[in-house]
Amino acid sequence: MTRFLPTASAFLALPPLFLLSGRAAAEVDFARDVRPILNAHCTACHGGVKEAGDVSFIYRDKALGKGESGKPVIVPGDPDASEMMRRILTRDPDDVMPKPEHGPPLPAAEAETIRQWIREGAPWGEHWSFVAPAAHQPPEVAQKDWPRNDIDRFVLARLETEGLAPSPEADPASLLRRVSLDLTGLPPTKEDLDRFLADPSEAAYAREVDRLLASPRYGERWASVWLDLARYADSEGLGVDRRREVWKFRDWVIDAFNRDQPYDQFTIDQLAGDLVPNATLDQKIATTFHRLTQSNDEGGTDDEEFRVAAVIDRVNTTWEVWQGLTMGCVQCHSHPYEPIEHEEYFSFMAFFNQSADADLTENLPLLPVPLDPARHEEASGLLERIGRLENESFTRCDEIDQATRWAPASIVQADADKAKLRIDTSAGHPEYRADPNAAGGAVYRLTLTAPASLSKLTALRLEFLPENEESARHTPEWGAILKRFQLQVSDGNGKPKPVAIAEIIADEAHPLFDPNGSIKGSDRGWGTYSKTFGPRHCTIVLAEALPLSPDTRLLATLTNGPSIIASFPMTSKRGRLFLTDDDAWTRHISDPATLERKKHLAAAREALKRIPSTRLPVMRERDPRHPRETRVFVRGNWLDKGELVSPGTPALFPPFDPKGEPPRLAMARWIASSENPLTARVAVNRFWLELFGTGIVPTPEDFGSAGEPPTHPELLDTLAFRFSGEMRWSMKSLLREIVTSATYRQSAKVSSDLAARDPGNRLLARGPRQRVTAEMARDATLAAAGLLSDKSGGPPVHPPLPDGVWKPFVAGDRWQTPEEGGEDRYRRSLYTYWKRSIPYPVFVAFDSPTRELCSKRRMVSNTPLQALFLLNDPAFSEAASALARRMNHETTGDLDAKLAAGYRATTSRTPTPDRLDELRKLHTEMKARYTSEPDLMREIADNPDDAAFTVVASVLLNLDEAVCR
Amino acid sequence: MNLFQHLRTEQLRHVTRRNFLRDCTTGLGGLWLASQGLASGSGKVVVSRDPSQPLGPLAPSFAPKAKRVIYLHMVGAPSQLELFDYKPSLARYDGKDCPQEYLEGQRFAFIQGVPKMLGPQYEFKQHGQSGAWVSDQLPEMAKHVDKMCFIKSMQTDQFNHGPAQLLVHTGNQNLGYPSMGSWITWGLGTENQNLPGFMVLISGGRLPRVGASLWGSGFLPSVYQGVQCRSTGDPVLNAANPAGVDRSIRRAALDALGQLNRKTHDDFGDPETITRIAQYEMAYRMQVSVPEVMSIDDEPAEVHEMYGTKPGKESFANNCLLARRLAENGVRFIQLFDWGWDSHGSSKSEAINFGFRSKCRSIDKPVAALLSDLERRGMLEDTLVVWGGEFGRTPMQENRGGGERNAFVGRDHNPNAFTIWMAGAGVKPGITYGATDEMGYHVAENPVHVRDLHATLLHLFGFEHKRLTFPFQGLDQKLTGVKPASVVRGVLA
């Protein structure tokens with residue numbers, strides 16, 4: 001496939017800024033040279049969305065075809081015969097392209113590129129990132145003693161072409177600070193610095209890198225990055241924004257990074273861990289990834305609308321996280337720039353359209369996960385057992401059901417409370433229908449007669465039917481709950497007698513609620529909660545066979561469920577009943593095997609219940625007997641369904657072959673494959689972005705033809721190839737390779753010449769210097785102050801929050817901050833309760849997203865609000881006091897020694913004498929001030945010296961160096 | 001040149017050198033730079049951004065009519081049928097079953113089955129020269145109808161509060177998009193560098209349900225998000241110094257910080273360091289300017305009487321007065337949210353015959369005062385005032401859960417038609433644009449979608465809505481989104 005790769009000279013091609021003239025002589029490459037021109041000037045009207053004049057430049061066959069005018073758009077080899085060329089070059093305002101009202105004519109150089117391309121035969125070429133990466137031979141370089149590994153050879157070769165030299169290595173303290181913050185999110189401790197500075201050997205740095213990668217803090221740091229992509233939050237978002245217990249997923253991510261789970265496995269577990277054969281509890285926990293979509297529990301919201309919104313978000317997020325492509329636009333029309341068709345979006349959506357979750361208030365399905373990870377295995381075993389017993393039990397019932405002859409029950413009378421019923425017939429079967437005003441909790445009383453052929457009754461079958469079975473398959477109707485089912489019998493004389501019901505059996509193996517709840521009465525018994533896609537039934541088995549005579553009247557009382565989401569009555573609008581005299585049902589309920597199974601099931605459930613657990617929303621497929629149809633949404637409107645589609649991936653990419661696996665699992669494997677051209681590249685680029693502040697592809701959210709090309713394409717491809725190959729997708733190996741490169745280890749000092757030449761450090765002639773992330777800003781402050789807790793994992797915590805911020809929509813949602821000194825007050829930032837509608841203020845100020853949607857990179861801003869937080873926020877003031885205490889009371893030596901210790905705690909560097917002078921001056925001045933104003937002093941400390949140290953500490957925490965890495 | 005100006009100039013020089021070039025290739029921060037440049041330049045700014053040349057010079061295309069906006073959002077959606085959209089024929093249908101054609105193909109939040117029609121619950125009269133109909137619930141505001149431009153044909157796509165509020169404020173029903181205040185401050189900057197450009201005031205005791213997302217910056221840089229002002233504690237989060245630190249101590253600390261940071265700049269040459277010094281100075285100034293502008297204590301008694309304000313209290317009245325003060329001080333986008341207008345009839349406070357009346361009382365006098373006050377200060381000419389909710393309410397009475405009528409009268413959500421009004425900068429005073437059908441259920445003429453309103457607002461600020469774009473997720477994103485939107489010419493002065 002390398003034939004599609006740009007030619008060698010292309011790798012030296014510079015981003016637009018550095019473009020040199022004189023390209024025209026070389027051969028034109030479609031993807032590199034022509035597509036960007038088309039995207040900029042043509043595809044808005046002649047693209048995937050609009051095909052004005054029946055002309056499109058997205059697919060070659062279209063571009064070579066004839067437009068509405070009948071003239072060939074492009075004639076390969078003959079620019080003069082190509083209508084495209086004529087329209088670009090003409091001066092006639094009625095004819096010229098782009099039309100004058102859409103933009104100026106094409107610059108001469110671009111027109112010439114197109115002309116040359118057509119002359120060369122208009123060869124089509126796939127966009128670079130849609131072709132699998134290959135490894136490249138590292139280039140020869142002149143400065144042979146600089147490279148430490150192959151990364152450096154690629155970087156240096158480019159620098160040498162540019163006539164630039166790399167920077168010297170950063171001073172050891174700065175370097176250890178950089179790599180510590182980058183790998184663990186925390187600055188080095190005093191001991192770390194002392195050790196590293198005392199050891200000038202080559203091996204010392206590698207040892208520090210290994211130590212950092214092995215630290216439990218490593219997983220916490222990289223989980224923060226991943227959780228932005230996963231749109232992880234501890235609340236549901238949208239209407240009510242209730243709490244959602246999903247922290248076990250956060251802990252799973254931390255653990256996955258810490259044990260260096262290979263990226264391909266990491267991917268499969270999150271997309272389809274539930275479907276992997278013999279899935280472990282941890283693999284099921286991983287699937288919470290796609291249950292982190294928003295849900296809407298606002299009164300009056302349509303569960304299907306927000307289920308669909310969640311499914312769409314799963315599609316978009318999957319593409320954004322793993323493929324670096326934006327699929328959002330393909331929801332409504334074909335991709336404007338890439339050859340991806342509208343229908344293909346919905347084929348991909350079909351992978352996610354069979355999961356059991358449905359925007360339900362209860363967030364079902366939920367997986368009980370032990371609070372104590374040590375008990376995961378035990379719970380896993382019990383869950384496996386419960387699942388197996390439920391399957392066995394269902395299979396047995398299904399066998400009986402298949403053999404049963406069900407006779408339709410005639411409904412001779414139907415009346416109701418809180419609804420109006422009528423009796424109807426459909427396909428020869430009697431049925432009841434309720435009026436549209438039927439209210440929640442309506443009670444139906446149906447008088448039934450059995451056909452003469454039945455001399456006894458052993459079981460009933462109750463069916464709930466959608467009003468329109470055709471459309472319900474893809475656009476479901478509101479469902480119904482059978483709150484209670486009661487049966488009475490009468491022979492026409494005397495009071496009807498109750499008939500005992502032994503069991504209610506659902507038409508699926510793992511219903512969300514116990515159907516037997518409908519025997520005694522339950523708001524969540526058997527039913528089609530909350531939406532119905534088709535006819536569903538349950539089997540109601542009598543405790544003993546009931547003799548029937550021609551006079552027998554059966555009185556069935558159906559109590560409907562309540563209204564949900566303050567609005568929608570869970571009331572059956574249409575249904576029917578069937579009867580049988582088959583003894584198999586009666587035998588079944590007393591069969592020793594059934595009883596044994598029930599006993600084991602109850603025991604396993606009880607044992608599981610005894611394990612203190614949290615209930616985690618996870619992915620689980622619906623029963624395959626009751627699938628949802630996936631159809632194209634016409635122009636993206638979910639209420640306007642088009643043609644039926646089946647699961648598949650866009651044709652542009654390597655073929656999709658499920659090999660008999662569940663489709664979602666097969667899709668996960670398709671993504672996590674080294675054949676996938678994007679997965680490894682996108683991952684490598686993300687790590688690079690985190691370490692250098694800019695990706696090799698500067699637009700990590702768009703690897704498509706509208707994004708920017710990589711600055712070092714051979715480097716990216718080689719790293720991607722090796723990441724999925726020899727590194728076996730090990731993220732730690734990749735990070736080790738990058739942070740031990742000479743490129744990464746360069747000093748960040750920039751001369752004014754270099755700053756002018758390469759302001760964005762695209763060429764990497766110096767080391768990275770980035771502002772810390774929101775999490776680091778708080779964690780590093782707590783670390784410098786000696787307050788940071790190193791406790792890992794567990795439920796979210798509630799560190800200090802300024803007064804007046806916490807005004808949750810749900811009144812009972814409390815923010816309780818531990819007192820000063822309490823460990824949970826000082827936990828790492830990623831453990832902070834993350835509420836979408838009330839984000840933690842300091843995180844927002846430092847550019848963290850609110851995580852309603854997948855976020856691929858954080859913009860770095862530099863604002864006065866950040867200054868106000870670091871200077872005045874009570875939590876930061878508390879840290880300043882603690883740092884002051886550390887300086888003044890936990891440091892031996894004179895004033896300078898104390899000041900230097902503080903400076904080192906916040907910046908990792910030893911202060912120069914002029915900086916010490918500055919700090920000493922401030923301390924002296926403050927001490928004098930507080931001595932002369934004891935009242936003011938007492939508000940901040942017990943004595944003027946400590947008060948002065950507190951002001952100095954605040955300055956140290958606010959230093960530019962303290963917020964940079 | 002004072003220190004701040006000096007730093008700012010220095011910052012801009014650095015930013016220019018660094019970002020200008022870098023952003024030739026990234027295309028993102030360049031726009032940010034451009035608006036930085038604008039904010040520091042003269043007030044008269046028109047932005048025209050060619051997406052293929054993100055760094056092209058900002059050429060004026062047309063002069064803005066509005067310099068600032070005060071947007072009054074009645075959270076929960078006030079009933080147009082009880083305030084401005086007078087429907088005498090609806091009264092005749094009161095208590096009758098809703099005709100089937102009103103129900104077919106419609107989706108409702110709470111109405112199930114066949115509801116009853118509900119006539120207007122209050123008396124209407126015509127007011128002013130323009131003869132606009134206003135109900136007896138807003139006697140003070142009714143005196144200002146000749147300043148107002150009513151749009152009675154507003155439409156939205158969403159009929160649940162969260163998504164509908166997002167659509168009004170961000171142009172998208174999903175979370176994660178920039179609010180109009182962010183777009184406008186991003187495009188225009190602000191007139192007073194010592195105050196945030198986009199400020200948000202809350203009343204009614206609750207935040208809107210999607211909270212800060214309504215004034216979030218989405219994919220625009222976070223510096224453009226709205227700054228929520230608070231009625232208790234610091235007016236802006238962390239504006240006050242910690243205990244034991246007074247202004248002179250803070251000054252001394254910042255002087256030392258500045259000296260140390262300059263040394264860092266000498267060491268590394270990172271232009272962000274210079275920017276950071278400038279931001280600390282701006283923070284220092286905001287610490288004074290924000291509490292000053294947010295304190296209404298020094299307003300004369302006459303003003304307090306006029307607005308019905310009580311210092312130190314969270315109220316819509318206080319927020320109206322604050323809005324005027326912020327506008328006076330050059331804040332670009334002032335957004336008020338007043339909770340409590342969701343009149344379903346499901347409880348006393350949510351009933352048109354109870355809670356709704358007191359909501360009307362709480363806004364009537366303050367809004368009237370705001371309009372008078374802006375007018376007498378000559379500010380109505382370049383200040384746009386907008387009043388409205390996120391959708392309208394149905395002419396049918398809600399029958400929640402399929403039940404019967406009860407003591408509390410209410411209406412369900414109606415995305416098909418609602419009323420807003422605008423007053424001031426650039427809009428025709430004393431007119432009504434668009435109309436609903438005889439039941440006030442659907443738009444009968446001149447529909448105005450929320451997107452059209454956005455296009456119109458941007459127009460008033462001198463932007464062509466299709467050209468104020470930001471590249472994100474492979475698209476040139478805009479406030480008006482991808483569906484058609486157009487400026488409502490009929491309301492422009």
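Here are some friendly notes on this predicted two-chain model, taken point by point.

1. **Ground rules.** Residues are numbered from 1 along each chain as its sequence is written, while chains are lettered from A and ligands numbered from 1 in the order in which they are written. Because the model is predicted, local features need pLDDT of at least 70 and side-chain atom pairs count only at pLDDT 80 or more, whereas totals for chains, interfaces and linings use all residues.

2. **Chain B overall.** Chain B has 11 helices and 17 strands; these are DSSP runs numbered from the N terminus, with helices being H or I of at least four residues and strands E of at least two. Taking contacts in chain B between residues at least 6 apart in sequence, 74% join residues at least 24 apart; contact here means C-beta atoms, placed from the backbone, within 7 Å.

3. **Where the chains meet.** Chain A brings 90 residues to the contact and chain B brings 74. On the chain B side, helices H1 (3-26), H4 (161-170), H6 (247-268) and H7 (271-294) each supply at least two residues. The largest share comes from H6(B), with 12 residues. By class, this side of chain B divides into 29 nonpolar, 31 polar and 14 charged residues. Ala, Val, Leu, Ile, Met, Phe, Trp, Tyr, Cys and Pro count as nonpolar, Asp, Glu, Lys and Arg as charged, and the others, Gly among them, as polar.

4. **The H6–H7 pair.** H6(B) and H7(B) pack at about 170°, their axes 9 Å apart. Axes are lines fitted to C-alpha atoms, for helices over the stretch in contact, and angles run from 0 to 180 degrees between N-to-C directions. The two helices are therefore roughly antiparallel, a label for angles over 145 degrees. Residues that meet include Leu254(B), Leu257(B) and Phe268(B) from H6(B), and Ile274(B), Ile277(B) and Tyr280(B) from H7(B). This contact has seven nonpolar, five polar and two charged residues.

5. **A closer look at Arg250(B).** This residue is found in helix H6 of chain B. Is Arg250(B) buried or partly exposed? With 19 C-beta neighbours inside 10 Å, Arg250(B) counts as partly exposed. Not counting residues up to four places away in sequence, Arg250(B) touches Asn241(B), Val245(B) and Tyr284(B). The C-alpha atoms of Arg250(B) and Tyr284(B) are separated by 8.3 Å, although the residues are 34 apart along the chain.

6. **The largest nonpolar core.** A nonpolar core is a set of buried Ala, Val, Leu, Ile, Met, Phe, Trp, Tyr and Cys residues joined through C-beta atoms within 7 Å. The largest has 315 residues, and Val684(A), Leu883(A), Val952(A), Leu957(A) and Ala323(B) touch the most other members. H7(B) gives the largest share of this core, 11 residues. Leaving aside neighbours within four places in sequence, the contacts of Leu957(A) include Leu870(A), Phe876(A) and Leu883(A).

7. **Domains of chain A.** Domain bounds come from an automatic or database domain assignment, which lists, among others, domain 1 (2-125) and domain 2 (230-366 + 624-671). The C-alpha centres of domain 1 and domain 2 of chain A lie 37 Å apart. Seven residues of domain 1 are in contact with six of domain 2.

Note on methods
Two residues are in contact if their C-beta atoms, placed from the backbone, lie within 7 Å. Angles under 35 degrees count as roughly parallel, over 145 as roughly antiparallel, 65 to 115 as roughly perpendicular and the rest as oblique. A residue is buried if 20 or more other C-beta atoms lie within 10 Å of its own, exposed if 12 or fewer, and partly exposed in between; C-beta atoms are placed from the backbone.
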